Amino acid sequence: MIAYALAFGFAALGVALALNLWRLFKGPGVADRILALDTMVINVIGIIVLTGIASGSGTSFEAALLLAMVGFVGTVSYAKFLLRGDIIE
Amino acid sequence: MTAATPASADLIVSALVVLGGAFALIGSWGLVRLPSLMERLHGPTKATTLGLGAMLVGSVVWFQLAEGVWTTHELLVSVFLFVTAPISANMIAKVHLHRLRQGEVSEGAGPAGTPGPPPGSADWATHEAPHEGTPGDFAGD
């Protein structure tokens, strides 16, 4: 049963990534694109977690943690640049 | 996947993975479907908290029941995501307000309309230097 559940999870996250990509191209504003990128990072973390369950190895969670950190820093730097015209003042 | 997986682990982890995938899909669907950015911010937060949370709990349960080991990386990831998700949503909302007040016509204002000017000589967030007496403005103190 876990195989079917994992297949559903991968399919759902794949469709979710496609929807995020549509929002990333469509816009209409810059904030929408930042939000779409942020959501894409969340969905990719989900794919990494499911890959960890499917492969049975715990090594992929460092990748998930790194992606969570880098995604957050990326979102905040986009937003800071648009708000202040600079990232580190 | 090991052959000697307990049936309970199979059931619990399957339910959690399906729940997580469904919430991630619903969050991204909301990101496409909702009409303005302030409403669109609402969708992916569900994907972050409930969707990824369910998947990470499923991963913890899977490694405990099927492999017999406790893993704490998932808890680290979920704590980090739960702490950072409101901060990034707040920053995106500030960018939206800032660009609305700059008169970017491409952005829809949302149900609440364009925000009015803040009281006094204060400002939301601009390209200007901080005003005199702003907390954190150490040069003006």
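The expected span of a helix is 1.5 Å times one less than its number of residues. In this predicted model, helix H1 of chain A covers residues 2-26, and its 25 residues reach 36 Å from first C-alpha to last, close to the 36 Å expected. After H1(A) comes A:Gly27, which has a positive phi, near 80 degrees.

A residue counts as buried if 20 or more other C-beta atoms lie within 10 Å of its own. By that criterion the buried residues of H1(A) are A:Ile2, A:Ala5, A:Leu6, A:Gly9, A:Ala12, A:Leu13, A:Ala16, A:Leu19, A:Asn20 and A:Arg23. Their cover includes helix H2 (30-55) of chain A and helix H1 (7-33) of chain B.

In soluble globular proteins, nonpolar side chains tend to be buried together. Here the largest nonpolar core has 49 residues, and A:Ile45, A:Val49, B:Val17, B:Met55 and B:Ile92 have the most contacts inside it. Two or more residues each come from H1, H2 and helix H3 (60-84) of chain A, and from H1, helix H3 (42-67) and helix H4 (73-101) of chain B. H2(A) gives the largest share of this core, 12 residues. Beyond its neighbours within four places in sequence, A:Ile45 is in contact with A:Ala64, A:Leu67, A:Ala68 and B:Leu52.

The contact between the chains takes 49 residues from chain A and 54 from chain B. On the chain B side, H1, helix H2 (37-40), H3 and H4 each supply at least two residues, with the largest share, 16 residues, coming from H1(B). By class, this side of chain B has 28 nonpolar, 18 polar and 8 charged residues.

Methods: Residues are numbered from 1 along each chain as its sequence is written. Chains are lettered from A and ligands numbered from 1 in the order in which they are written. This is a predicted model: local features need pLDDT of at least 70, side-chain atom pairs count only at pLDDT 80 or more; totals for chains, interfaces and linings use all residues. Helices (H or I, at least four residues) and strands (E, at least two) are DSSP runs, numbered from the N terminus. A residue is buried if 20 or more other C-beta atoms lie within 10 Å of its own, exposed if 12 or fewer, and partly exposed in between; C-beta atoms are placed from the backbone. Two residues are in contact if their C-beta atoms, placed from the backbone, lie within 7 Å. A nonpolar core is a set of buried Ala, Val, Leu, Ile, Met, Phe, Trp, Tyr and Cys residues joined through C-beta atoms within 7 Å. Ala, Val, Leu, Ile, Met, Phe, Trp, Tyr, Cys and Pro count as nonpolar, Asp, Glu, Lys and Arg as charged, and the others, Gly among them, as polar.
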